[in-house]
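Please keep the sequence and the structure in view while reading.

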Amino acid sequence: MDSKSISYIINELGEDRENYFNAVSPPIIQTSNFSFTKVDQLRKAFEDEYSTFLYSRGLNPTVRILSQKLAALDGAEDCLVCNSGASAIFAAVLSQVKSGDHIISVDQPYTWAQKLFNNILPKFDVSVTYVDGRAIENFEAAVRPNTRIIYLETPNSWSFYLQELEAVSKLARSKNVITICDNSYCTPLYQRPIDFGIDLVLQSATKYLNGHSDVVAGVLSGKKILIEKIFNSEYLNMGIGISPFNAWLILRGLRTLPSRLEKSSITTKKIISYLESRDEVEEVHYPFNPNFPQYKLAQKQMLGAGGLFSFVLKTKTIREIENFCEGLKHILMAVSWGGHESLVIPGCASIRPNEFDPNNKVHRRLRMYTGLEEADYLIEDLEGGFSKMA
Ligand SMILES: *Cc1c(COP(=O)(O)O)cnc(C)c1O
């Protein structure tokens with residue numbers, strides 16, 4: 001997608017300013033229902049809610065402006081904007097399986113995808129096999145006659161491991177299996193899975209797309225035939241649509257997506273060079289770092305890598321990691337990412353202190369997200385963290 005198309009999509013596509021007083025910013029159509037003057041119009045709306053404004057659990061004009069833009073960015077025919085990334089995952093997966101079916105998922109997908117696979121789907125006799133997604137052979141070996149979905153997340157938001165989109169979608173097609181890819185890490189600006197043959201692409205709009213840490217939302221994109229089916233079933237049944245106000249906030253956030261991504265990526269490179277110069281840092285994991293094991297693949301299928309990365313501290317004790325995190329003044333300790341503010345999460349927050357094993361790199365790993373602050377400001381803060389470590 002060229003930059004002219006991106007500018008057009010973000011600034012104009014789906015907007016119909018003459019219909020709302022030529023306002024530059026679209027209105028928030030905060031209504032639950034829409035009225036009709038002819039019975040026949042109402043009848044048509046009942047028959048085809050996918051194309052008619054009837055009730056805001058289905059279509060809403062403010063949400064529709066956003067969904068047209070997000071589908072175009074993904075290179076998809078249509079998309080659904082959901083009230084979370086987690087509900088987009090739920091709807092995508094549920095729409096493709098029935099009792100007795102099998103799913104292949106990449107190892108360690110996003111936590112709530114894992115919980116869906118491990119805790120909810122087994123109740124309906126749907127099973128999952130996790131594979132190391134770095135080699136296509138692992139997917140090939142896991143396919144069964146009842147496999148319905150191959151579920152991907154590339155890069156993974158903790159390990160940053162990639163899957164080769166083209167190879168996996170080719171395999172899936174030959175076996176009549178649907179591919180679903182979580183594209184939250186890249187956003188459609190840095191990777192378009194649909195261009196590589198992926199069927200359904202989803203992402204947490206909570207992260208970069210909204211970008212201001214004030215909305216939880218998700219997007220699910222694909223061919224119209226798939227999206228319409230999900231709309232008429234899972235989307236309407238679970239009531240997972242986004243509210244008009246939250247859609248409006250994301251529209252506002254989207255206007256600056258290219259600039260925010262660029263700024264965050266440039267600052268990240270500086271932060272990574274700084275971290276690599278520190279004796280306390282054992283390694284840095286970032287797909288666009290030339291020493292990243294899958295750097296070549298990252299260069300092939302991604303246009304950029306944004307602000308999310310991780311690094312491993314050389315420590316013997318958990319206390320040093322805690323001191324480092326608690327010693328930061330500006331970089332906040334919080335989940336999520338993609339907003340204006342820089343963040344850190346230590347892997348050791350997921351274990352009890354007595355379980356800490358200094359030989360386990362995962363325990364010594366910290367995930368960092370670079371927000372929109374200036375590099376010097378962040379580096380000074382990291383410097384402060386290191387000085388408090390011992
Ligand atoms: C945050 C996130 C999700 C879930 O999105 P929510 O908006 O929090 O529901 C899914 N996948 C990835 C990779 C995420 O980072």
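## Basis of the description

The structure is a predicted model, in which local features need pLDDT of at least 70 and side-chain atom pairs count only at pLDDT 80 or more, while totals for chains, interfaces and linings use all residues. Residues are numbered from 1 along each chain as its sequence is written, and side-chain values use heavy atoms, with hydrogens and water left out.

Helices (H or I, at least four residues) and strands (E, at least two) are DSSP runs, numbered from the N terminus. Contact means heavy atoms within 4.5 Å.

## Helices H11 and H14

Helix H11 covers residues 257-276 and helix H14 covers residues 375-387; their axes lie 10 Å apart, and the packing angle is about 30°. Axes are lines fitted to C-alpha atoms, for helices over the stretch in contact, and angles run from 0 to 180 degrees between N-to-C directions. H11 and H14 are therefore roughly parallel to each other. Angles under 35 degrees count as roughly parallel, over 145 as roughly antiparallel, 65 to 115 as roughly perpendicular and the rest as oblique.

The crossing of these two helices, H11 and H14, is right-handed; a crossing has this hand if the near helix is turned clockwise from the far one by less than a right angle, and is left-handed if anticlockwise. H11 contributes Thr267, Lys270, Ile271, Tyr274 and Leu275 to the contact, and H14 contributes Ala375, Leu378, Ile379, Leu382, Glu383 and Phe386. Of the residues in this contact, eight are nonpolar, one is polar and two are charged. In this division, Ala, Val, Leu, Ile, Met, Phe, Trp, Tyr, Cys and Pro count as nonpolar, Asp, Glu, Lys and Arg as charged, and the others, Gly among them, as polar.

## Helices H4 and H9

The axes of helix H4 (residues 85-94) and helix H9 (residues 224-238) come within 10 Å and cross at roughly 135°, which makes H4 oblique to H9. The crossing of H4 and H9 is right-handed. Phe90, Ala91 and Leu94 of H4 meet Ile230, Glu234 and Met238 of H9. The residues of this contact comprise five nonpolar, no polar and one charged.

## Helix H10

Helix H10 (residues 244-254) has buried residues, namely Pro244, Ala247, Leu249, Ile250, Leu251, Gly253 and Leu254. Buried means under 20% relative accessible area, exposed over 50% and partly exposed in between, with a 1.4 Å probe and protein chains only. The buried residues of H10 pack against helix H1 (3-11), helix H3 (61-74) and H11.

Lys207 is located in the loop between strand E6 (200-204) and strand E7 (218-222). At 10% relative accessibility, Lys207 counts as buried. Apart from residues up to four places away in sequence, Lys207 touches Ser336, Trp337 and Gly338. An unreviewed UniProt entry places the feature "modified residue: N6-(pyridoxal phosphate)lysine" at Lys207; UniProt positions are given in the numbering used here, feature names are shortened, and annotations may be inferred rather than shown by experiment.

Ala72 belongs to helix H3 and is partly exposed, with a relative accessible area of 23%. Neighbours within four places in sequence aside, Ala72 is in contact with Met1, Ile9, Leu13 and Arg192. Ser99, in the loop between H4 and strand E2 (102-106), is exposed, with a relative accessible area of 52%. With neighbours within four places in sequence again left aside, Ser99 is in contact with Phe124, Asp125 and Val126.
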